[in-house]
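The stops below can be taken in order.

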Amino acid sequence: MTQLTLIIGNKNYSSWSMRPWLAMKQAGIDFAEVRIPLDMPTTYEEIRRYSPSGKVPVLQDGNLTVWDSLAICEYVAECFAPNLWPEDRIAKAVARSISAEMHSGFANLRQNMPMNCRARLCFLGINLAVQADIDRITSIWHNCREKFGSGGDLLFGNFTIADAMFAPIVSRFVTYEVKLDSVAQAYVEAVWNLPMMQEWIMAANFESESIPNLKL
Ligand SMILES: N[C@@H](CCC(=O)N[C@@H](CS)C(=O)NCC(=O)O)C(=O)O
């Protein structure tokens, strides 16, 4: 029986939940999943049963609770899957930097283009501040692909936590049909087509909840 339980929100909307879920699945880590639909009258009470922050995702490992997407990714990498970070010291430092930048930044894009995996909302949400976020993200992707990506199609070649952190951005770029240069577009396609990303999207397609104007 698995010792790990990951508590997540709706797959269609919960961008923070997608990150550790994808990292753990891509690493082949066995875990149970509890899904709590967001924006319902009982959501907060249900999440609080598991999470001291009142937010998902949260990971339970026996008696230990780990909350916050990046902390969960760090924990599972440390305990179960060190190859979720690049091995090389310099690549790892850059992977951690861009993961932290994603975790704490890009508020304009996140506010104006909320994740909605199954929707197609061509160009909705674009403004100058959002475009500035998109430009910074694509410049990160270019830099990583050029300097560290030669071993595969992802930011550091093989899948790492950095790809998990940017996966909800990939989903947003698909939903809002954001026009990208060929390098960024190829990266979007590489992440979108990951088997576990497709598993998440498929599950999002089958969810029944609809939450208009959810900004996460
Ligand atoms: N910094 C947190 C953010 C977590 C977060 O904002 N989660 C949203 C769902 S994606 C949430 O739980 N919202 C609670 C609610 O809407 O009631 C992380 O990285 O895990």
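Which residues are exposed on the other side of α3? Select Glu78 and Cys79: both are exposed there. The model is a predicted one, and each stop here is a place in that prediction.

**Stop 1: helix α3**

Keep α3 on screen, residues 69-79, and colour Ser69, Leu70, Ile72, Cys73 and Val76, which are buried. Turn the view to look down the axis of α3: its buried residues fall within an arc of 160 degrees, so they line one face of the helix. An α-helix has 3.6 residues a turn, so residues three or four places apart point the same way.

**Stop 2: the whole chain**

Zoom out and switch to a cartoon. The protein has 9 helices and 4 strands, and along the sequence these follow the pattern β-α-β-α-β-β-α-α-α-α-α-α-α. Along the principal axes, the C-alpha trace spans about 45 × 40 × 25 Å. How does the radius of gyration agree with that of a compact globule? For 216 residues such a globule would have a value near 17 Å, and the protein has 17 Å, which agrees. Colour by burial next: buried residues make up 42% of the 216 residues. Of the contacts with a separation of 6 or more, 70% are between residues 24 or more positions apart.

**Stop 3: helices α7 and α8**

Select residues 161-175 for α7 and 182-192 for α8; the two pack at an angle of about 105 degrees, and their axes are 9 Å apart. That angle makes α7 roughly perpendicular to α8, because angles of 65 to 115 degrees count as roughly perpendicular. Show side chains at the contact. From α7 come Asp163, Ala167, Val170, Phe173 and Val174, and from α8 come Val188, Val191 and Trp192. By class, this contact of α7 with α8 has 7 nonpolar residues, no polar ones and 1 charged residue.

**Stop 4: the backbone angles**

Most residues other than glycine have a negative phi, and most peptide bonds are trans.

- Select Val56 and Pro57. The peptide bond from Val56 to Pro57 is cis, with omega near 5 degrees. Pro57 is in the loop between α2 (43-48) and β3.
- Select Phe106, in the loop between α4 and α5 (107-112). Phe106 is not a glycine, yet its phi is positive, at about 60 degrees. Is Phe106 buried or exposed? Phe106 is buried, because 20 other C-beta atoms lie within 10 Å.
- Select Glu177, in the loop between α7 and α8. Glu177 has a positive phi, near 50 degrees, and is a residue other than glycine. Glu177 is exposed, because 12 other C-beta atoms lie within 10 Å.

**Stop 5: Asp135 and Leu180**

Last, go to helix α6, residues 128-148, and pick Asp135. Asp135 is exposed, with 10 other C-beta atoms within 10 Å. Then draw a distance from the C-alpha atom of Asp135 to that of Leu180. How many residues apart along the chain are Asp135 and Leu180? They are 45 residues apart along the chain, and their C-alpha atoms are separated by 9.5 Å.

Notes
Residues are numbered from 1 along each chain as its sequence is written. This is a predicted model: local features need pLDDT of at least 70, side-chain atom pairs count only at pLDDT 80 or more; totals for chains, interfaces and linings use all residues. Axes are lines fitted to C-alpha atoms, for helices over the stretch in contact, and angles run from 0 to 180 degrees between N-to-C directions. Angles under 35 degrees count as roughly parallel, over 145 as roughly antiparallel, 65 to 115 as roughly perpendicular and the rest as oblique. Two residues are in contact if their C-beta atoms, placed from the backbone, lie within 7 Å. Ala, Val, Leu, Ile, Met, Phe, Trp, Tyr, Cys and Pro count as nonpolar, Asp, Glu, Lys and Arg as charged, and the others, Gly among them, as polar. The arc is that of the directions from the helix axis to the C-beta atoms. The radius of gyration is taken over C-alpha atoms; the globule rule is 2.2 Å times the number of residues to the power 0.38.
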